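Here is a set of questions and answers for someone meeting this structure for the first time. Please look at the sequence and the model before reading on.

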Protein chains: 2
Amino acid sequence: MGVMNLLFGRPLASSEDQGERITPSQGVPTFGLDALSSAAYGPEAALTILLPLGLAGVRYIAPLTAAIVVLLLIVYFSYRQTIAAYPGGGGSYTVAKENLGPGAGLLAAAALMIDYLLNVAVGISAGIGALVSAVPWLQKFTLPMCLVVLAILTIVNLRGVRDAGSAFIAPTYLFVGTLGVVIAIGVFQIIRTGGHPHALIPPPHAPVAAVGAVGLWLLLRAFASGCTALTGVEAVSNGVQAFREPVVPAARKTLTIIVLTLVFLLGGIATLVYFYGIAATDPGQPGYQSVLSLVAAAVAGRGVLYGLTMFSVLLVLCLSANTSFADFPRLCRTVALDNYLPHSLTLRGRRLVYSQGIWVLSLFAAVLLIIFGGVTDRLIPLFAVGAFLAFTLSQAGMVVHWRKNSGSLSHMLVNGVGAAATGVTVLVVVAAKFTQGAWVVVLLLPAAIVLMARVRRHYRLVTRETEAKGSLLGTNNQHPPIVIVPIDQWNAAAQKTLRFAMTLSPEVHAVHVACGEDDSIAAQWNTMVEQPALEAGAPVPRLITLRSPYRLVLQPVVDYVLQIEKENRHRTVAVAISTMVERHWYHYFLHNQRSEVLTAMLLLGGDRRINIINVPWYLRA
Amino acid sequence: MGVMNLLFGRPLASSEDQGERITPSQGVPTFGLDALSSAAYGPEAALTILLPLGLAGVRYIAPLTAAIVVLLLIVYFSYRQTIAAYPGGGGSYTVAKENLGPGAGLLAAAALMIDYLLNVAVGISAGIGALVSAVPWLQKFTLPMCLVVLAILTIVNLRGVRDAGSAFIAPTYLFVGTLGVVIAIGVFQIIRTGGHPHALIPPPHAPVAAVGAVGLWLLLRAFASGCTALTGVEAVSNGVQAFREPVVPAARKTLTIIVLTLVFLLGGIATLVYFYGIAATDPGQPGYQSVLSLVAAAVAGRGVLYGLTMFSVLLVLCLSANTSFADFPRLCRTVALDNYLPHSLTLRGRRLVYSQGIWVLSLFAAVLLIIFGGVTDRLIPLFAVGAFLAFTLSQAGMVVHWRKNSGSLSHMLVNGVGAAATGVTVLVVVAAKFTQGAWVVVLLLPAAIVLMARVRRHYRLVTRETEAKGSLLGTNNQHPPIVIVPIDQWNAAAQKTLRFAMTLSPEVHAVHVACGEDDSIAAQWNTMVEQPALEAGAPVPRLITLRSPYRLVLQPVVDYVLQIEKENRHRTVAVAISTMVERHWYHYFLHNQRSEVLTAMLLLGGDRRINIINVPWYLRA
């Protein structure tokens with residue numbers, strides 16, 4: 001257990017729950033990394049769509065960012081209300097389920113789960129991608145590096161939510177700090193120069209406009225792409241119970257810090273882009289640089305601040321996956337409590353986190369990373385559909401919630417506008433990215449819902465069938481069972497098994513399968529078994545010898561057991577099997593696995609009245 | 001079972017053994033393909049070593065082939081005697097073990113096993129290699145084609161020895177026939193032209209001699225390489241029991257046919273090489289052609305006969321692996337009967353062959369083929385060491401055998417000369433190929449011997465420890481066991497398990513692990529269990545509730561069982577575990593595997609007095 005303790009920390013007692021809970025300053029890195037890191041790619045995503053407009057496109061960043069910030073604030077107010085209304089956590093799933101019905105709840109849950117999974121793969125691979133483009137000789141280690149980051153995130157999160165929060169405080173504040181300094185310097189320069197700042201390193205010229213008129217569809221697509229900056233805002237609402245009591249103010253404070261910081265970063269970057277006239281570069285072309293790199297270089301040159309900023313961006317992209325690790329297991333647990341997912345997802349592991357969910361997320365993310373070789377660009381279009389679907393359902397649910405609980409009109413209005421805005425965004429995102437991969441999500445969602453519904457059906461069936469019925473003791477079924485003992489050869493293990501069988505029941509049948517002419521057991525039976533039993537005054541076990549012309553050694557036993565079971569409708573039957581306990585894996589090859597195979601044959605082929613008794617035999621060595 | 005019957009044939013009863021045995025005409029393809037196919041590469045191997053001598057080297061093929069044929073005949077006479085002396089089969093292993101001691105036997109067995117395994121990989125890849133060099137666009141399918149051939153050989157051999165023999169009669173006789181016609185035409189031309197035949201397609205000029213004087217070491221190496229033609233001659237002696245009664249004449253007749261055919265082919269090819277002046281071409285260089293292709297083209301031109309000959313060579317190379325499939329399982333069985341290998345190798349499968357050995361051989365060969373990507377050139381130097389080591393040990397053993405059984409001096413002399421000649425060959429082969437890979441065999445042999453000795457030690461230990469001792473019934477141990485029933489929640493499955501436990505013993509402890517505050521089982525115990533038991537006049541099971549602050553659900557049960565066991569030194573303990581039988585693999589994810597894990601924990605962590613009772617619960621659906 002030494003290694004386990006070192007890796008995962010000492011086990012925590014259930015009573016230590018309060019000590020594991022987090023403060024808002026730990027909550028920001030735990031739940032906020034996904035949202036904050038999107039400042040690094042949201043503006044770029046919008047600017048890339050605007051490329052065909054040339055330099056004119058850059059001007060549109062101001063109204064677009066304003067629209068995105070307004071939507072962000074609507075979503076923020078909505079989730080503030082959700083946190084207060086559902087302090088048990090569960091976010092969009094709970095809100096949608098309670099107010100719109102189980103179908104809507106499952107849709108929200110499935111959408112979020114897919115999004116969380118994608119977030120892990122895309123976040124890690126974006127971070128490592130940034131590293132590799134800075135240090136090209138690392139290229140060939142892309143996949144191993146992605147998997148190492150995934151392993152670190154998995155272990156840190158298995159150590160408990162408090163450890164994860166503490167571990168990622170430094171990178172988060174480094175990211176916000178360096179980017180804040182860049183924005184502050186830039187804004188100061190803009191003011192000093194009356195809106196015409198001098199770029200220390202001038203950005204490349206914007207391409208010549210390929211499109212003359214500005215189409216509505218283009219702007220909508222740019223808006224939809226920029227909206228990826230909003231993903232991750234729902235995270236806090238799923239994890240309210242991770243905070244110290246009183247949970248609601250702590251969770252709300254955390255959400256407020258995250259959203260205000262994000263607004264500051266988005267607004268600041270948009271301002272710099274606008275005044276420094278920075279167009280995106282084409283990611284498919286040589287000479288590509290990220291918008292953030294262009295902005296930082298224009299404002300601060302390629303010095304220490306630039307390096308530090310880029311390093312913190314890279315780190316935060318990698319760690320943005322942490323939000324998924326904090327939320328996915330909690331969401332799965334909430335859904336599993338409603339029987340829609342395996343119950344093992346509801347169990348708290350040694351550090352009081354829902355370890356199974358962490359393992360599942362890590363496993364699926366590893367599969368995605370391996371399939372795509374650590375470069376998950378093709379997964380990006382699948383992204384954000386899930387988050388916005390969850391936003392929409394959650395806010396529509398809140399509208400119903402206020403109506404049911406006679407909330408104020410202003411509450412209802414905020415959520416109604418939010419639902420409409422995010423709903424439109426879902427449609428735009430799906431339409432704009434349908435052929436690039438969003439169709440996968442559209443197919444996956446109903447499949448996931450059907451699967452979850454079937455899981456619940458299975459659990460209900462099990463509950464119904466295993467319901468305790470009738471009295472404990474039937475009237476006529478308390479006879480000792482008929483115990484059947486398969487005997488391969490007469491040795492101490494067979495002797496021990498037979499002896500144990502005789503303590504259980506006076507009716508013991510020893511069964512021997514003879515493949516050849518060897519009848520040594522029948523010859524020994526009288527002296528080895530019958531005489532001693534008579535002398536001890538015990539009932540004498542019968543020996544049944546079964547011939548097997550085709551050299552099958554197990555099927556004749558199974559046939560005999562089934563026949564005995566059929567002939568004794570009101571008795572239970574037990575088969576006592578001698579099992580060699582192998583202490584070394586390589587002994588597996590030296591002994592037959594007949595006891596395991598016979599057990600499986602009897603359990604799968606037998607009726608409900610056959611029980612298996614394993615009598616172990618241990619080698620001393 | 002329909003597919004099984006189609007693939008492997010209907011099961012054969014043990015009494016059908018005689019019908020499965022083979023005649024000499026089936027014996028030649030079964031045991032002879034390895035030896036016969038070596039006519040295709042033995043002479044080439046010698047000629048390649050002679051390349052530095054230029055055309056002068058070609059002249060040496062005559063004395064070299066003569067020496068090889070003499071050695072072949074010595075080995076032949078030796079194995080004729082072995083067959084008669086050891087009609088039970090087992091060849092070199094049995095002879096060496098009986099006469100030189102178990103160590104020598106194991107050395108012979110290990111050497112042969114390694115050789116058989118290499119023969120499968122190298123044979124198949126040589127055949128597919130020949131096909132690929134004829135049809136280059138098949139190159140990229142090399143590995144899949146190798147594995148398909150391996151699968152076919154595996155299935156045909158699993159169908160039984162008679163089926164395998166019959167299946168490969170046609171290719172064997174096609175090979176001998178076409179090559180025989182080529183040799184006949186060639187020899188006729190040589191005689192007609194008085195020793196100066198005209199090559200229809202002249203072979204490429206022999207390279208200019210790089211070495212002036214002929215060194216003894218070069219000749220020895222050429223001899224050692226040419227001796228690969230002898231591999232496979234021991235095969236018949238391992239499989240004497242595969243023949244119809246009387247086995248000895250049938251096996252001898254088969255061996256005679258194989259050896260005479262091989263002598264004819266080797267002599268014929270050497271004659272044609274000598275008189276047509278055919279030097280080998282360098283296998284590493286462009287323009288490489290096999291010696292057999294050069295010979296056939298020189299004698300018959302590139303017509304139908306050439307094509308047919310090359311096709312049959314390719315086929316027979318692929319099928320030469322069949323000798324291994326016929327012999328390896330028999331050898332393993334003989335060794336396993338002496339407890340040096342897992343006993344499962346001695347079991348006859350549905351078609352009366354030793355199926356396990358076939359599977360093992362197939363599996364290892366597949367691994368080799370996959371590791372080397374279907375191109376096993378680098379394994380060739382490992383080859384032949386094993387075969388000659390086995391020859392040497394077998395003949396040395398026969399010398400001792402004759403001395404013990406006062407055999408004639410001529411018998412002893414034949415075997416003595418054979419042992420000396422093959423012994424020298426082993427030394428030359430190992431010395432000549434040591435750095436190219438023969439060292440692997442030199443390392444593998446002792447490792448294999450140590451492994452087999454340890455297997456036997458383990459089996460002896462098991463036999464000694466499981467020896468039936470004392471009387472069946474001890475004086476004071478026939479009390480019913482203490483039965484412990486872990487109960488997770490009160491439902492029909494728990495009810496069934498408890499009810500069954502109560503039929504086995506009056507002393508039943510129900511154990512419930514409580515992780516939280518929920519004590520619903522304790523609250524129900526009186527009404528659900530105690531009352532009904534009292535009413536039925538049965539002993540009342542006790543409920544023990546165990547607290548688990550760290551949420552472990554199994555360890556407290558194990559601890560309790562061990563404690564009960566410790567407190568009751570003279571009682572047996574049984575743990576009755578309710579097991580959900582999962583009829584679909586995907587249900588695995590929906591239920592915990594606690595019953596399996598608990599079973600493993602109790603068996604591995606418990607003492608000798610804990611038995612496990614599985615009470616299955618079935619879902620109707």
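Q: How many of the 14 residues of H3(A) are buried?
A: In this predicted model, local features need pLDDT of at least 70, side-chain atom pairs count only at pLDDT 80 or more, and totals for chains, interfaces and linings use all residues. Residues are numbered from 1 along each chain as its sequence is written, chains are lettered from A and ligands numbered from 1 in the order in which they are written, and side-chain values use heavy atoms, without hydrogens and water. Helices are DSSP runs of H or I with at least four residues, numbered from the N terminus, and buried means under 20% relative accessible area, exposed over 50% and partly exposed in between, with a 1.4 Å probe and protein chains only. H3(A) is largely enclosed by the rest of the structure, because the number of its residues that are buried is 13.

Q: At which residue does H3(A) bend?
A: The bend is the angle between axes fitted to the seven residues ending at a residue and the seven starting there. For H3(A) this angle is about 60°, and the residue is A:Phe31.

Q: Which residue does the side chain of A:Glu20 meet in a salt bridge?
A: A salt bridge is a side-chain nitrogen of Lys or Arg within 4 Å of a carboxyl oxygen of Asp or Glu. A:Glu20 is buried, with a relative accessible area of 6%. At 3.4 Å, N to O, its partner is A:Arg162.

Definitions and conventions. Helix = DSSP H or I, 4+ residues; strand = E, 2+ residues; numbered from the N terminus.
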